[in-house]
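Here's a quick briefing to read alongside the model. Have a look at the fold, then go through the notes below.

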Amino acid sequence: MEKKDEKQYAVVADHVSKIYELRNKDNQHKSANKRFYALKDVSFQIEKGDVVGILGTNGSGKSTLSLLLSGISDIDTGKITVHGEQALIAINTGLNMQLTGLENIKVKGALMGLKKKEIEAITQDVINFSELGDFLYQPVKKYSSGMKSRLGFSISLALDPDIFIVDEALSVGDKGFAKKCLDRMMQLRNDKGKTIFFISHSLEQVKNFCTTGMWIEGGQLREIGPVNEVAEHYSEYVDLLNGLKGKEKQKFLDEKFKKRLLPKEEKKGFLKKIFS
Ligand SMILES: Nc1ncnc2c1ncn2[C@@H]1O[C@H](COP(=O)(O)OP(=O)(O)OP(=O)(O)O)[C@@H](O)[C@H]1O
């Protein structure tokens, strides 16, 4: 197979893992906590202009991946290379709850290194697209989840990144706003060839909108490929899971969870690494 120039890729993930700590309910002592893989050894290459639908059941690691892609969360092992302007995430992660909507726009703009005039321009874009009106003068902590999503999405759009990550922003917004966002993203995809990562529990939305499907299950990359194929396999898996009942289902989920725990020797190694 012909080897592609690295630069053709928008994102290259190379053996990426993210480990979280699980609190032990009986023992508050930190060293007794279990460590588990939110993501384990995930590798993929996404070409520029690709629209990637990330699929996976609850807790499989989709949001964790979006946080790593956008640089909000740190990777524990492996590497993600992003070619293009820093990916942005279109959800309320990264919004400061104490600041007003308008102040949040300014802070984001300043963090992106924009000049005063550019910040004024994006502020106007956000006012127009979000339709939040006077709520933009209120602290974000007083927003509903749909309003936070309107603000987060509108800021990300206005900043016009090369890589765009939409993490369920559309599932909390109302239908009218979700349609407006999808239309705008279609336009970005068709006119500007942006690379888009789209997390949604709606298989129909993913199939209609995406070109590539990426199925994350139990923290691992289960399949990546043409969206219809991946969506079909994912759908079969969900049907299989739904077909399991009671104890049988619990056993299946417990086994799945166990595979994500760090083995004892690995746990020691990891602790040694962070304390040395
Ligand atoms: N900050 C955190 N600290 C500890 N564990 C976390 C943290 N964030 C996520 N997790 C755990 O990591 C795993 C993956 O979570 P993640 O939010 O990435 O899943 P998801 O696929 O987006 O799920 P959903 O479809 O339910 O939104 C879950 O078991 C979750 O409980």
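Helix 3 (residues 116-130) packs against helix 4 (residues 145-159) at about 135 degrees, with the axes 9 Å apart. Axes here are lines fitted to C-alpha atoms, for helices over the stretch in contact, and angles run from 0 to 180 degrees between N-to-C directions. Helices (H or I, at least four residues) and strands (E, at least two) are DSSP runs, numbered from the N terminus.

This is a predicted model: local features need pLDDT of at least 70, side-chain atom pairs count only at pLDDT 80 or more, and totals for chains, interfaces and linings use all residues. Residue numbers start from 1 along each chain as its sequence is written.

- Three strands make an open sheet in the order 2-1-4, with antiparallel pairing (strands pair if DSSP finds at least two bridges between them).
- Strand 2 (34-47) and strand 4 (77-82) are the edges, each pairing on one side only.
- From one strand to the next, the twist averages 20 degrees.
- Strand 1 (residues 9-22) and strand 2 share ten bridges, and K18 has L39 in strand 2 as its bridge partner.
- Helix 1 lies across strands 1, 2 and 4, at about 120 degrees to strand 1.

Terms used
Two residues are in contact if their C-beta atoms, placed from the backbone, lie within 7 Å.
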